[in-house]
Amino acid sequence: MRALMPAPDAPAGLALATVDAPEPRPDQVLVEVRHLSLNYGELHFLSRFPAGAIPGWDAAGVVVAAAANGTGPAVGTRVLSYGMGGAWAELRAVDLDELAVVPDSVDLARAVTLPVAGVTALRALRTAGPLLGRRVLITGASGGVGRFAVQLAALSGAQVIASVGAEQRGRGLAVLGADQVTVGLDGITEPVDVVLDTVGGPQLVAAYQLLAPEGTVLSIGCASGEAAVFPPYSTVGPGRSLVSFRIGNRLGADMAVLLHLLEQGRLSPEVAHHAPWEKAADAVDALFGRQLRGKAVLDVSAA
Ligand SMILES: NC(=O)c1ccc[n+]([C@@H]2O[C@H](COP(=O)([O-])OP(=O)(O)OC[C@H]3O[C@@H](n4cnc5c(N)ncnc54)[C@H](OP(=O)(O)O)[C@@H]3O)[C@@H](O)[C@H]2O)c1
């Protein structure tokens, strides 16, 4: 089968290659992958991926072999899947608790945006606690995680402040539920209760200063690649928290929650770039070039 593999000399460091098909364990299904979505993290840390292993976290497709232990979805079921690798291939073996059945009315190419970006937003907001009436600042709001976070925070009843890198990057965020869209942290005049930060660096330091007493910054990522330097005594004060966040595993149930919202038309997946996987390099360049407002989706096809 074909897979999109690290290839240091190829454009964007990726090339299609012929590899062995996965052999599912008795508690896994085999999925024929139709679409994958790209994430900043898996691309940024591609060089750390074990040599010879197939990369990729998010894939959507159709079950072509049910789990040998008799549990899980039947052959022909459309599913969304997550794993710490294996998504960028024609076939993927998936743990049963890392998949969710895609409702008939939901397009697989839209569903595939959800696993890492959507579940990260969902779990980070849950970590922050009840949000009704609370002021929630979301940095990197134009990105994959950020756009889902804006929508889910608004659905939770929060007052949502979306921070982007430039004015045009904020287009569409008000429609998705942002009460305020701001470039950097300009124009935020009142303290915030919660920050979901995917940008890091000096903006993380500045966002921490905006916290109300007992407020929390969830540190999700560092798309800026810059260091966060806290001035002396800026972290001393009335019970404010900086909490590290990691998505974890067993995404199946939370992917099902997000698919339900998608089915109901209450969540927009924001496919910003859609192309065949032969054109993966263009998608990677667009993502790292900060040209996407939302997610990049690639279609997987057999040779
Ligand atoms: N902890 C976890 O479990 C977890 C899970 C998912 C993602 N993450 C992390 O969260 C971050 C965002 O992930 P994502 O998938 O949402 O990425 P993304 O779609 O590329 O979005 C990143 C956003 O960050 C902003 N940004 C600010 N400075 C940037 C810079 N110097 N370079 C690139 N982007 C910059 C960009 O918005 P503007 O151009 O508008 O500034 C962009 O929209 C990454 O660091 C990723 O590794 C962590």
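Between domain 1 and domain 2 of this predicted model, one salt bridge is counted, a salt bridge being a side-chain nitrogen of Lys or Arg within 4 Å of a carboxyl oxygen of Asp or Glu. The side chains of Arg-147 and Glu-270 meet in a salt bridge with an N to O distance of 3.4 Å. By class, the side of domain 1 that touches domain 2 comprises three nonpolar, four polar and four charged residues (nonpolar: Ala, Val, Leu, Ile, Met, Phe, Trp, Tyr, Cys and Pro; charged: Asp, Glu, Lys and Arg; polar: the others, Gly among them). The domain assignment, which is automatic or taken from a database, gives domain 1 as 2-113 + 269-299 and domain 2 as 117-244. Eleven residues of domain 1 and 15 residues of domain 2 take part in the contact, defined by heavy atoms within 4.5 Å. The two domains bury about 930 Å² between them, 46% of it on carbon and sulfur atoms, where buried area is the accessible area (1.4 Å probe) that two parts lose on being put together, summed over both.

Residues are numbered from 1 along each chain as its sequence is written, and side-chain values use heavy atoms, with hydrogens and water left out. Local features need pLDDT of at least 70 and side-chain atom pairs count only at pLDDT 80 or more, whereas totals for chains, interfaces and linings use all residues.

In total, nine salt bridges are counted. Arg-2 pairs with Glu-90, the closest N and O atoms being 3.6 Å apart, and links strand 1 (residues 2-6) to the loop between strand 5 (78-82) and strand 6 (91-95), 88 residues apart; helices (H or I, at least four residues) and strands (E, at least two) are DSSP runs, numbered from the N terminus. Both Arg-2 and Glu-90 are buried (under 20% relative accessible area, with exposed over 50% and partly exposed in between; 1.4 Å probe, protein chains only), and Arg-2, Glu-90 and Glu-278 are linked in a network of salt bridges. A further salt bridge joins Arg-123 and Asp-254, whose closest N and O atoms are 2.7 Å apart. Arg-123 lies in helix 3 (residues 114-128) and Asp-254 in helix 6 (residues 252-263), so the pair ties together parts 131 residues apart in sequence. Arg-123 counts as buried at 16% relative accessibility, as does Asp-254 at 9%.

Within the loop between strand 11 (192-197) and helix 5 (201-209) lies Thr-198, which counts as buried at 13% relative accessibility.
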